[in-house]
Amino acid sequence: MMADQGEVWGQLLMAANAGDARSYARFLQAVTPVLRGIVRAKGVSLGPAGCEDVLQDVLLAIHLKRHTWKPDSPVRPWLYAITRYKIIDAFRARGRKIDVPIDDFADVLAADAGPDPTEAADMAKMIAMLDGRSATIIRKIGLEGVSVAQTGAELTMSEGAVRVALHRALKTLAILRERHVK
Amino acid sequence: MKTDDLIRALAADTVHQPQLRTTLILGLVPSLAIAVLTVWVVLGFRADLLTALATPISVARIVLTGVLGIAATRLALLLARPEGSQIARLWPLAVVAAAALGLLLWAYVTTPAQARQMAIVGKTMATCLVTIPLLSVLPVAALHYVLRQGATTAPLRAGFVAGLAGSGFAAAIYALHCTEDNPLFYVTWYGLAIVGVTLVSTLIGTRALRW
(Lines give C-alpha, C1' and ligand atoms only; values in the text may rest on other atoms or scores of the structure.)
Protein backbone atom coordinates (compact mmCIF):
# COMPACT_ATOMS: atom_id res chain seq x y z
CA MET A 1 0.00 0.00 0.00
CA MET A 2 2.89 2.33 0.86
CA ALA A 3 4.50 1.70 -2.52
CA ASP A 4 1.26 2.64 -4.23
CA GLN A 5 1.09 5.85 -2.28
CA GLY A 6 4.60 6.77 -3.37
CA GLU A 7 3.66 6.04 -6.97
CA VAL A 8 0.56 8.24 -6.79
CA TRP A 9 2.64 11.06 -5.33
CA GLY A 10 5.15 10.56 -8.14
CA GLN A 11 2.47 10.82 -10.82
CA LEU A 12 1.01 13.93 -9.23
CA LEU A 13 4.39 15.61 -8.87
CA MET A 14 5.35 14.72 -12.42
CA ALA A 15 2.16 16.30 -13.72
CA ALA A 16 2.77 19.26 -11.42
CA ASN A 17 6.28 19.81 -12.73
CA ALA A 18 4.87 19.65 -16.24
CA GLY A 19 2.68 22.63 -15.35
CA ASP A 20 -0.55 21.07 -14.03
CA ALA A 21 -1.48 23.30 -11.08
CA ARG A 22 -4.40 21.12 -9.98
CA SER A 23 -2.19 18.02 -9.70
CA TYR A 24 0.27 20.10 -7.76
CA ALA A 25 -2.34 21.19 -5.24
CA ARG A 26 -3.43 17.55 -4.89
CA PHE A 27 0.18 16.51 -4.38
CA LEU A 28 0.68 19.05 -1.60
CA GLN A 29 -2.62 18.10 0.03
CA ALA A 30 -1.70 14.41 -0.17
CA VAL A 31 1.74 14.71 1.39
CA THR A 32 0.86 17.27 4.06
CA PRO A 33 -0.83 14.89 6.57
CA VAL A 34 2.07 12.45 6.28
CA LEU A 35 4.67 15.17 6.74
CA ARG A 36 2.66 16.58 9.64
CA GLY A 37 2.78 13.13 11.22
CA ILE A 38 6.54 13.01 10.81
CA VAL A 39 7.09 16.50 12.19
CA ARG A 40 4.82 15.82 15.19
CA ALA A 41 6.50 12.50 15.90
CA LYS A 42 9.93 14.11 15.90
CA GLY A 43 9.05 17.45 17.37
CA VAL A 44 6.79 16.63 20.31
CA SER A 45 8.59 19.24 22.38
CA LEU A 46 7.78 22.01 19.90
CA GLY A 47 4.05 21.86 20.57
CA PRO A 48 1.36 21.77 17.88
CA ALA A 49 1.87 25.38 16.72
CA GLY A 50 5.64 24.94 16.58
CA CYS A 51 5.20 21.76 14.58
CA GLU A 52 2.92 23.55 12.15
CA ASP A 53 5.62 26.21 11.71
CA VAL A 54 8.16 23.52 10.85
CA LEU A 55 5.67 21.81 8.54
CA GLN A 56 5.14 25.07 6.65
CA ASP A 57 8.90 25.47 6.38
CA VAL A 58 9.07 21.99 4.89
CA LEU A 59 6.25 22.73 2.42
CA LEU A 60 7.88 25.97 1.32
CA ALA A 61 11.18 24.13 0.80
CA ILE A 62 9.46 21.36 -1.17
CA HIS A 63 7.82 24.00 -3.31
CA LEU A 64 10.97 26.00 -4.08
CA LYS A 65 13.06 22.88 -4.64
CA ARG A 66 10.57 20.77 -6.58
CA HIS A 67 12.75 20.94 -9.70
CA THR A 68 15.40 18.90 -7.84
CA TRP A 69 13.19 15.81 -8.00
CA LYS A 70 14.12 13.52 -10.87
CA PRO A 71 10.99 11.98 -12.43
CA ASP A 72 12.67 8.59 -12.74
CA SER A 73 13.53 8.38 -9.05
CA PRO A 74 11.10 7.59 -6.19
CA VAL A 75 9.40 10.59 -4.55
CA ARG A 76 9.52 9.40 -0.98
CA PRO A 77 13.31 9.50 -0.37
CA TRP A 78 13.38 12.95 -1.96
CA LEU A 79 10.50 14.19 0.13
CA TYR A 80 11.81 12.75 3.38
CA ALA A 81 15.32 14.10 2.79
CA ILE A 82 13.92 17.64 2.56
CA THR A 83 11.69 17.06 5.59
CA ARG A 84 14.54 15.69 7.67
CA TYR A 85 16.83 18.57 6.72
CA LYS A 86 14.23 21.15 7.70
CA ILE A 87 13.34 19.44 10.98
CA ILE A 88 17.00 19.38 11.98
CA ASP A 89 17.22 23.03 10.95
CA ALA A 90 14.23 23.95 13.08
CA PHE A 91 15.74 22.30 16.13
CA ARG A 92 19.10 23.89 15.54
CA ALA A 93 17.41 27.27 15.31
CA ARG A 94 15.90 26.66 18.73
CA GLY A 95 19.32 25.79 20.09
CA ARG A 96 18.66 22.08 20.35
CA LYS A 97 20.10 19.06 18.68
CA ILE A 98 18.02 16.25 17.33
CA ASP A 99 18.86 12.91 15.86
CA VAL A 100 16.54 12.11 12.99
CA PRO A 101 17.21 8.70 11.49
CA ILE A 102 15.62 8.73 8.06
CA ASP A 103 14.58 5.07 8.31
CA ASP A 104 12.05 6.01 10.99
CA PHE A 105 9.97 7.94 8.52
CA ALA A 106 8.49 4.86 6.93
CA ASP A 107 6.55 3.95 10.09
CA VAL A 108 5.07 7.35 10.82
CA LEU A 109 1.32 7.61 10.48
CA ALA A 110 -0.34 10.51 8.78
CA ALA A 111 -1.64 13.08 11.24
CA ASP A 112 -4.82 15.04 10.72
CA ALA A 113 -4.73 18.75 11.21
CA GLY A 114 -7.68 18.25 13.55
CA PRO A 115 -11.05 20.01 13.46
CA ASP A 116 -9.50 23.43 14.02
CA PRO A 117 -6.17 23.41 12.20
CA THR A 118 -3.43 25.07 14.18
CA GLU A 119 -2.56 28.51 13.05
CA ALA A 120 1.20 28.77 12.53
CA ALA A 121 2.55 32.10 13.66
CA ASP A 122 5.92 32.33 11.90
CA MET A 123 4.66 32.56 8.34
CA ALA A 124 2.34 35.48 9.12
CA LYS A 125 5.26 37.35 10.71
CA MET A 126 7.40 36.74 7.64
CA ILE A 127 4.66 37.81 5.27
CA ALA A 128 4.38 41.05 7.22
CA MET A 129 8.08 41.64 6.47
CA LEU A 130 7.52 41.46 2.71
CA ASP A 131 6.93 44.58 0.67
CA GLY A 132 3.29 45.65 0.60
CA ARG A 133 2.36 44.35 -2.81
CA SER A 134 3.98 40.94 -2.36
CA ALA A 135 2.26 40.53 1.01
CA THR A 136 -1.08 41.49 -0.53
CA ILE A 137 -0.65 38.95 -3.34
CA ILE A 138 0.15 36.11 -0.94
CA ARG A 139 -2.71 37.04 1.41
CA LYS A 140 -5.22 37.33 -1.41
CA ILE A 141 -4.31 34.06 -3.10
CA GLY A 142 -3.59 32.10 0.09
CA LEU A 143 -5.90 33.38 2.79
CA GLU A 144 -8.77 34.74 0.70
CA GLY A 145 -8.55 32.14 -2.05
CA VAL A 146 -8.73 34.75 -4.79
CA SER A 147 -7.61 33.50 -8.21
CA VAL A 148 -4.43 34.77 -9.85
CA ALA A 149 -6.47 36.45 -12.58
CA GLN A 150 -8.75 38.18 -10.08
CA THR A 151 -5.78 39.29 -7.97
CA GLY A 152 -4.25 40.77 -11.09
CA ALA A 153 -7.43 42.64 -11.90
CA GLU A 154 -7.66 44.04 -8.37
CA LEU A 155 -4.04 45.17 -8.35
CA THR A 156 -4.10 46.27 -12.02
CA MET A 157 -1.34 43.83 -12.84
CA SER A 158 -1.20 41.30 -15.65
CA GLU A 159 -1.71 37.66 -14.70
CA GLY A 160 1.88 36.89 -15.68
CA ALA A 161 3.17 39.71 -13.48
CA VAL A 162 1.17 38.38 -10.53
CA ARG A 163 2.65 34.92 -11.04
CA VAL A 164 6.19 36.25 -11.18
CA ALA A 165 5.58 38.46 -8.13
CA LEU A 166 4.11 35.49 -6.25
CA HIS A 167 7.10 33.32 -7.13
CA ARG A 168 9.54 36.00 -5.99
CA ALA A 169 7.58 36.58 -2.80
CA LEU A 170 7.72 32.88 -1.90
CA LYS A 171 11.45 32.82 -2.56
CA THR A 172 11.91 35.88 -0.38
CA LEU A 173 9.83 34.23 2.35
CA ALA A 174 12.19 31.26 2.36
CA ILE A 175 15.21 33.57 2.64
CA LEU A 176 13.54 35.59 5.42
CA ARG A 177 12.75 32.41 7.32
CA GLU A 178 16.30 31.18 6.94
CA ARG A 179 17.64 34.49 8.26
CA HIS A 180 15.07 34.64 11.02
CA VAL A 181 16.01 31.12 11.99
CA LYS A 182 19.69 32.10 12.31
CA MET B 1 -1.34 31.44 8.44
CA LYS B 2 -3.03 28.07 8.16
CA THR B 3 -1.26 25.37 6.24
CA ASP B 4 -4.15 25.01 3.79
CA ASP B 5 -3.80 28.70 2.95
CA LEU B 6 -0.09 28.27 2.37
CA ILE B 7 -0.76 25.30 0.08
CA ARG B 8 -3.18 27.42 -1.93
CA ALA B 9 -0.53 30.11 -2.39
CA LEU B 10 2.12 27.52 -3.30
CA ALA B 11 -0.13 25.82 -5.83
CA ALA B 12 -0.83 29.15 -7.54
CA ASP B 13 2.87 29.65 -8.19
CA THR B 14 3.47 28.02 -11.55
CA VAL B 15 6.88 29.55 -12.28
CA HIS B 16 9.19 26.61 -12.92
CA GLN B 17 12.92 26.42 -12.53
CA PRO B 18 15.03 24.46 -15.00
CA GLN B 19 16.28 20.97 -14.18
CA LEU B 20 19.62 20.90 -12.38
CA ARG B 21 21.28 19.12 -15.29
CA THR B 22 20.33 22.02 -17.59
CA THR B 23 21.66 24.58 -15.12
CA LEU B 24 24.87 22.59 -14.84
CA ILE B 25 25.44 22.43 -18.59
CA LEU B 26 24.60 26.11 -19.05
CA GLY B 27 27.04 27.07 -16.30
CA LEU B 28 29.90 24.62 -16.61
CA VAL B 29 30.36 24.41 -20.40
CA PRO B 30 30.91 28.16 -20.91
CA SER B 31 33.19 28.43 -17.87
CA LEU B 32 35.37 25.58 -19.15
CA ALA B 33 35.38 27.11 -22.62
CA ILE B 34 36.56 30.40 -21.15
CA ALA B 35 39.31 28.58 -19.25
CA VAL B 36 40.53 26.85 -22.44
CA LEU B 37 40.40 30.14 -24.31
CA THR B 38 42.32 31.93 -21.56
CA VAL B 39 45.09 29.31 -21.59
CA TRP B 40 45.24 29.45 -25.37
CA VAL B 41 45.34 33.24 -25.66
CA VAL B 42 47.31 34.22 -22.55
CA LEU B 43 49.72 31.32 -22.09
CA GLY B 44 49.52 29.50 -25.41
CA PHE B 45 49.24 25.74 -25.88
CA ARG B 46 52.53 23.88 -25.71
CA ALA B 47 54.22 23.70 -29.11
CA ASP B 48 54.43 19.91 -29.08
CA LEU B 49 50.86 19.41 -27.91
CA LEU B 50 50.01 16.69 -30.44
CA THR B 51 53.15 14.71 -29.60
CA ALA B 52 52.43 15.13 -25.90
CA LEU B 53 48.90 13.87 -26.35
CA ALA B 54 50.35 10.69 -27.82
CA THR B 55 52.82 10.24 -24.95
CA PRO B 56 51.25 8.18 -22.14
CA ILE B 57 53.18 9.73 -19.27
CA SER B 58 52.28 13.21 -20.46
CA VAL B 59 48.67 12.54 -21.33
CA ALA B 60 48.20 10.82 -17.95
CA ARG B 61 47.99 14.31 -16.40
CA ILE B 62 45.02 15.20 -18.55
CA VAL B 63 43.36 11.83 -18.10
CA LEU B 64 43.74 11.81 -14.30
CA THR B 65 42.59 15.39 -13.77
CA GLY B 66 39.86 15.07 -16.40
CA VAL B 67 38.50 11.88 -14.82
CA LEU B 68 38.62 13.60 -11.44
CA GLY B 69 36.66 16.52 -12.92
CA ILE B 70 34.00 14.31 -14.47
CA ALA B 71 33.62 11.99 -11.46
CA ALA B 72 33.39 14.91 -9.04
CA THR B 73 30.92 16.77 -11.27
CA ARG B 74 28.64 13.74 -11.33
CA LEU B 75 28.83 13.60 -7.55
CA ALA B 76 28.08 17.31 -7.31
CA LEU B 77 24.98 16.85 -9.45
CA LEU B 78 23.90 13.96 -7.23
CA LEU B 79 24.60 15.88 -4.02
CA ALA B 80 22.59 18.81 -5.36
CA ARG B 81 19.49 16.65 -4.81
CA PRO B 82 18.23 16.37 -1.23
CA GLU B 83 18.35 12.58 -1.17
CA GLY B 84 21.78 12.60 -2.85
CA SER B 85 23.69 12.58 0.43
CA GLN B 86 22.16 9.18 1.19
CA ILE B 87 23.22 7.75 -2.18
CA ALA B 88 26.53 9.46 -3.04
CA ARG B 89 29.66 7.34 -2.73
CA LEU B 90 32.96 9.20 -2.74
CA TRP B 91 35.27 6.21 -3.27
CA PRO B 92 35.72 6.77 -7.05
CA LEU B 93 37.56 9.96 -6.10
CA ALA B 94 39.89 7.94 -3.88
CA VAL B 95 40.63 5.65 -6.83
CA VAL B 96 41.80 8.65 -8.88
CA ALA B 97 43.91 9.90 -5.97
CA ALA B 98 45.41 6.43 -5.51
CA ALA B 99 46.27 6.22 -9.21
CA ALA B 100 48.00 9.61 -9.02
CA LEU B 101 49.97 8.57 -5.94
CA GLY B 102 50.90 5.30 -7.65
CA LEU B 103 52.23 7.28 -10.59
CA LEU B 104 54.16 9.53 -8.22
CA LEU B 105 55.71 6.52 -6.51
CA TRP B 106 56.60 4.94 -9.84
CA ALA B 107 58.28 8.15 -11.02
CA TYR B 108 60.16 8.46 -7.73
CA VAL B 109 61.58 4.97 -8.08
CA THR B 110 62.47 5.29 -11.77
CA THR B 111 64.04 8.77 -11.49
CA PRO B 112 67.75 8.64 -10.49
CA ALA B 113 68.30 9.92 -6.96
CA GLN B 114 70.35 12.96 -7.98
CA ALA B 115 67.75 14.06 -10.53
CA ARG B 116 64.74 13.79 -8.24
CA GLN B 117 64.87 17.17 -6.60
CA MET B 118 65.13 18.97 -9.92
CA ALA B 119 62.29 16.90 -11.31
CA ILE B 120 60.04 17.77 -8.40
CA VAL B 121 60.79 21.50 -8.39
CA GLY B 122 60.70 21.78 -12.18
CA LYS B 123 60.77 25.18 -13.82
CA THR B 124 57.19 26.40 -13.66
CA MET B 125 56.01 25.57 -10.17
CA ALA B 126 54.90 29.13 -9.41
CA THR B 127 52.97 29.51 -12.66
CA CYS B 128 51.28 26.20 -12.02
CA LEU B 129 50.30 27.06 -8.44
CA VAL B 130 48.85 30.41 -9.51
CA THR B 131 47.22 29.45 -12.80
CA ILE B 132 45.32 26.33 -11.76
CA PRO B 133 43.48 28.08 -8.89
CA LEU B 134 42.72 31.06 -11.17
CA LEU B 135 41.35 28.78 -13.88
CA SER B 136 39.29 27.01 -11.19
CA VAL B 137 37.37 30.11 -10.15
CA LEU B 138 34.69 30.06 -12.84
CA PRO B 139 34.06 26.28 -12.96
CA VAL B 140 33.90 26.07 -9.15
CA ALA B 141 31.58 29.08 -9.06
CA ALA B 142 29.36 27.45 -11.70
CA LEU B 143 29.14 24.28 -9.63
CA HIS B 144 28.37 26.22 -6.47
CA TYR B 145 25.60 27.99 -8.36
CA VAL B 146 24.10 24.64 -9.40
CA LEU B 147 24.31 23.43 -5.81
CA ARG B 148 22.59 26.63 -4.61
CA GLN B 149 19.79 26.06 -7.11
CA GLY B 150 19.63 22.51 -5.86
CA ALA B 151 18.90 21.41 -2.32
CA THR B 152 21.93 19.70 -0.90
CA THR B 153 21.61 18.11 2.50
CA ALA B 154 25.39 17.72 2.73
CA PRO B 155 26.90 21.22 2.27
CA LEU B 156 30.40 20.17 3.29
CA ARG B 157 30.60 17.23 0.90
CA ALA B 158 28.96 19.27 -1.85
CA GLY B 159 31.54 22.05 -1.47
CA PHE B 160 34.27 19.42 -1.45
CA VAL B 161 33.25 17.73 -4.71
CA ALA B 162 32.58 21.10 -6.37
CA GLY B 163 36.15 22.14 -5.53
CA LEU B 164 37.61 18.88 -6.82
CA ALA B 165 35.55 19.03 -10.00
CA GLY B 166 36.39 22.64 -10.84
CA SER B 167 40.09 22.37 -10.02
CA GLY B 168 40.35 18.97 -11.74
CA PHE B 169 39.05 20.47 -14.97
CA ALA B 170 41.23 23.54 -14.49
CA ALA B 171 44.33 21.36 -14.10
CA ALA B 172 43.43 19.35 -17.22
CA ILE B 173 43.12 22.58 -19.16
CA TYR B 174 46.34 23.99 -17.73
CA ALA B 175 48.09 20.81 -18.88
CA LEU B 176 47.49 21.93 -22.48
CA HIS B 177 50.06 24.65 -21.79
CA CYS B 178 52.37 23.07 -19.23
CA THR B 179 55.37 21.11 -20.56
CA GLU B 180 56.37 19.47 -17.28
CA ASP B 181 55.80 15.81 -18.07
CA ASN B 182 57.38 14.22 -15.01
CA PRO B 183 54.81 12.88 -12.52
CA LEU B 184 57.16 14.00 -9.74
CA PHE B 185 56.31 17.54 -10.84
CA TYR B 186 52.71 17.34 -11.89
CA VAL B 187 51.32 15.02 -9.25
CA THR B 188 52.96 17.20 -6.60
CA TRP B 189 52.05 20.67 -7.80
CA TYR B 190 48.81 19.99 -9.69
CA GLY B 191 47.86 17.98 -6.65
CA LEU B 192 48.70 20.81 -4.27
CA ALA B 193 46.76 23.33 -6.37
CA ILE B 194 43.75 20.99 -6.45
CA VAL B 195 43.92 20.40 -2.69
CA GLY B 196 44.09 24.15 -2.05
CA VAL B 197 41.10 24.98 -4.25
CA THR B 198 39.14 22.07 -2.79
CA LEU B 199 39.84 23.23 0.75
CA VAL B 200 38.54 26.73 0.00
CA SER B 201 35.50 25.37 -1.85
CA THR B 202 34.69 23.07 1.08
CA LEU B 203 34.90 25.93 3.56
CA ILE B 204 32.65 28.10 1.38
CA GLY B 205 30.28 25.18 0.88
CA THR B 206 29.68 24.56 4.57
CA ARG B 207 28.41 28.14 4.88
CA ALA B 208 27.00 29.08 1.49
CA LEU B 209 25.27 25.84 0.52
CA ARG B 210 22.88 25.74 3.46
CA TRP B 211 19.28 26.60 2.70
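Two residues are in contact here if their C-beta atoms, placed from the backbone, lie within 7 Å. The structure is a predicted model.

**Domains of chain A**

Chain A is divided into domain 1, residues 1-117, and domain 2, residues 120-182. The C-alpha centres of these two domains of chain A are 22 Å apart. Between them, 11 residues of domain 1 of chain A are in contact with 10 residues of domain 2 of chain A. On the domain 1 side, helix 3 (47-64) and helix 4 (75-93) of chain A each supply at least two residues. Helix 3 of chain A gives the most to that side, with 9 residues.

**Chain B**

Chain B has 10 helices and 0 strands. Its C-alpha atoms fill a box of roughly 75 × 35 × 25 Å along the principal axes. Chain B has 211 residues, and 47% of them count as buried. Among contacts in chain B with a separation of 6 or more, 87% are between residues 24 or more positions apart.

**Contact between the chains**

The contact between chain B and chain A takes 29 residues from chain B and 42 residues from chain A. Helix 1 (residues 3-12) of chain B gives the most to the chain B side, with 10 residues.

Conventions. Residues are numbered from 1 along each chain as its sequence is written. Chains are lettered from A and ligands numbered from 1 in the order in which they are written. This is a predicted model: local features need pLDDT of at least 70, side-chain atom pairs count only at pLDDT 80 or more; totals for chains, interfaces and linings use all residues. Helices (H or I, at least four residues) and strands (E, at least two) are DSSP runs, numbered from the N terminus. A residue is buried if 20 or more other C-beta atoms lie within 10 Å of its own, exposed if 12 or fewer, and partly exposed in between; C-beta atoms are placed from the backbone. Domain bounds come from an automatic or database domain assignment.
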